[in-house]
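Okay, quick one from me today.

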Amino acid sequence: MTANLSHPDVRRDLTDLHLELPRNGLVTWTSGNISARVDGGMLIKPSGVTFENLTPESMVMTDLDARVLEGTHSPSSDTATHAYIYRHLPDVGGIVHTHSPYATAWAAQGREIPCILTAMADEFGGPIPCGDFALIGGEQIGAEVVRVLKGHRSPAIILQSHGVFTLGPTPRAALKAAVMAEDVARSVFLAVQLAASLGTPVRTLDPADIDSLYDRYQNVYGQRPQGDRA
């Protein structure tokens, strides 16, 4: 094992965060990964290693051209995707990729997840967009994520016939978005099924209400420093 590996705290955090993926039903076997932007590049899960066998030392450090800098494992097959996103979206500090079942079902249909729930307006500021199909292994997926999400309020995207990518200022924030994306994907899926059986339409939220809900959740909800409270 490489001695004196850099960013030990981030390595430990990533190891712990990866365990949340199977715990929340977002992955099966070794699919899915989380990365973190760090000084000098990024840290990402090694390819094909089960989540329970991950260690801080097994996380692979690469530069933002996906070249390995530290580690004895091969990095995730999605490394070039993560690197591309970090290069083109400088505010992103963490990325999560999953094949969570309900969100991926929407991706298989090539359909965005419509905003019919206040929880979606809160977290995503509208529908979860669906990007076009792109092959795994190169930068094509990263380019599609950036094309769709640049300037978009949603921290999540589903990619046609593939799965889910979520972005955040930190890996934990990206993980939260991945958990929430699967939760609302399931609820909306069930709502669409119910609407079909009842013969009634699924109604999306009014854009003005979405804006109001998003602003409240992003800027007022939760605990904030005294000076930041509305």
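So, the second largest pocket: its lining splits into two nonpolar, 11 polar and two charged residues (Ala, Val, Leu, Ile, Met, Phe, Trp, Tyr, Cys and Pro count as nonpolar, Asp, Glu, Lys and Arg as charged, the others, Gly among them, as polar). Nearest its centre are G32, N33, S76, S77 and D78. A pocket here is an open set of points on a 1 Å grid over the protein atoms alone, where a 1.4 Å probe fits, with protein on both sides within 12 Å along at least five of seven lines; lining residues have an atom within 4 Å of a point.

Before I go on: this is a predicted model, so local features need pLDDT of at least 70 and side-chain atom pairs pLDDT 80 or more, while totals for chains, interfaces and linings use all residues. Numbering runs from 1 along each chain as its sequence is written, and side-chain values use heavy atoms, without hydrogens or water.

Now the largest pocket. R153, P155, L167, G168 and P169 are the ones nearest its centre, out of 23 lining residues. By class that's 12 nonpolar, five polar and six charged.

R153 turns up again, over the face of Y214, 4.5 Å from the ring centre (the cut-offs: CZ of Arg or NZ of Lys within 6 Å of the ring centre and within 35 degrees of the ring normal). K45 lies over F51 likewise, at 5.3 Å.

Last, there are two aromatic pairs (Phe, Tyr or Trp rings, the six-membered one for Trp, with centres within 6.5 Å; under 30 degrees is stacked, over 60 edge-to-face, the rest tilted). Y102 and F189 sit 5.4 Å apart at 65°, so they're edge-to-face.
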